[in-house]
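Student: Could you take me on a close look at one part of this model, and show me how the residues there are placed? I'd enjoy a connected walk through the backbone and the side chains.

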Amino acid sequence: LPKVGGGMQPDLERIMLLQPDLVLLSERITRHQTTAAALRRLGVTVLQLKCNNYGDYLDILELFCRLNDQGKIVDIPVLKKMVEQVDEICRRTKIVMAKVKLRCAVIFVSGSGFSLESAAGNTGNMLARLGVENIRKTTEPYRQIFSMEHFILADPELIFVICMGNTQALQDKFKRQIFANSAFANLQAVKSGHIYYLDEALFLF
């Protein structure tokens, strides 16, 4: 396929050279928003897609099925099987979670600080589908500024950490700043060793 810039920074000139009937861009990425506005001014039809979690992914997959005259996801055996397998894993895990009632916190770490991810984010959505309760009750914005006071009061049994950028440096930063608070050491997740640093390639987007 022709290269039209990077994933985070589309090249408007290269896109226009292809004379597209339709351009698909991200709803969330700033440079995609700028490119979408420029393309619309040039008379190009643009569809900006939301892709924050597995549910959004299924919506996009359904859209591509329709764009390619393939019907729906359920009409394509390999896709139907994939969705059924995911649904079955979620169903079985939810049965277990209903008995143990674990609560989690999903912490997003970047160069600008820490935030709590809701069930609308990628990892938060995975955990919600598996039946794990998120200590964040609101869904929007899907990442919210981290409050140590709220975090300590909620006292989750599980903590999941996602880093965007230099993973090791950000993990070190998280450990230095968070573990400097003595109250953090008394959290259930810390005492039981249930803090998990997730692979950004699998859990970030």
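Tutor: Let's begin with K101, which is placed in the loop between α4 and β3 (103-110). Keep in mind that the model is predicted. The phi of K101 is positive, near 50 degrees, and K101 is a residue other than glycine. Is K101 buried or exposed? Its relative accessible area is 61%, and the cut-off for exposed is over 50%, so K101 counts as exposed.

The residues of α3 that are buried are Y54, G55, D56, L58, I60, L61 and C65. The helix itself runs over residues 54-67, 14 residues in total. From its first C-alpha to its last, α3 reaches 20 Å, close to the 20 Å expected at 1.5 Å a residue.

Both ends of α3 are worth a look. At the start, a side-chain oxygen of N53 comes to within 3.0 Å of the backbone nitrogen of G55. After the helix comes D69, with a positive phi near 55 degrees.

Now for the side chains along α3. Those of R66 and E62 form a salt bridge, at 3.7 Å from N to O. R66 and E62 are four residues apart in α3, about one helical turn. R66 is partly exposed at 48% relative accessible area, and E62 is partly exposed too, at 21%.

For a contrast in setting, turn to E117 and R143, whose side chains also meet in a salt bridge, at 3.4 Å from N to O. E117 belongs to strand β4 (residues 113-117) and R143 to strand β6, so this pair ties together parts that are 26 residues apart in sequence. E117 is buried, with a relative accessible area of 0%, and R143 is buried at 17%.

The peptide bond joining E140 and P141 is cis, with omega about -10 degrees.

Let's finish with E133 and K137, whose side chains meet in a salt bridge at 2.4 Å, N to O. E133 is partly exposed at 38% relative accessibility, whereas K137 is exposed at 60%.

Note on methods. Residues numbered from 1 in each chain as written. Predicted model: local features only at pLDDT ≥ 70, side-chain atom pairs only at ≥ 80, totals over all residues. Heavy atoms only, no water. Helix = DSSP H or I, 4+ residues; strand = E, 2+ residues; numbered from the N terminus. Expected span 1.5 Å × (residues − 1). Buried < 20%, exposed > 50% of the residue type's maximum accessible area, 1.4 Å probe, protein only. Polar contact = N/O pair within 3.5 Å; in protein donor to acceptor, adjacent residues only side chain to side chain. Salt bridge = Lys/Arg side-chain N within 4 Å of Asp/Glu carboxyl O.
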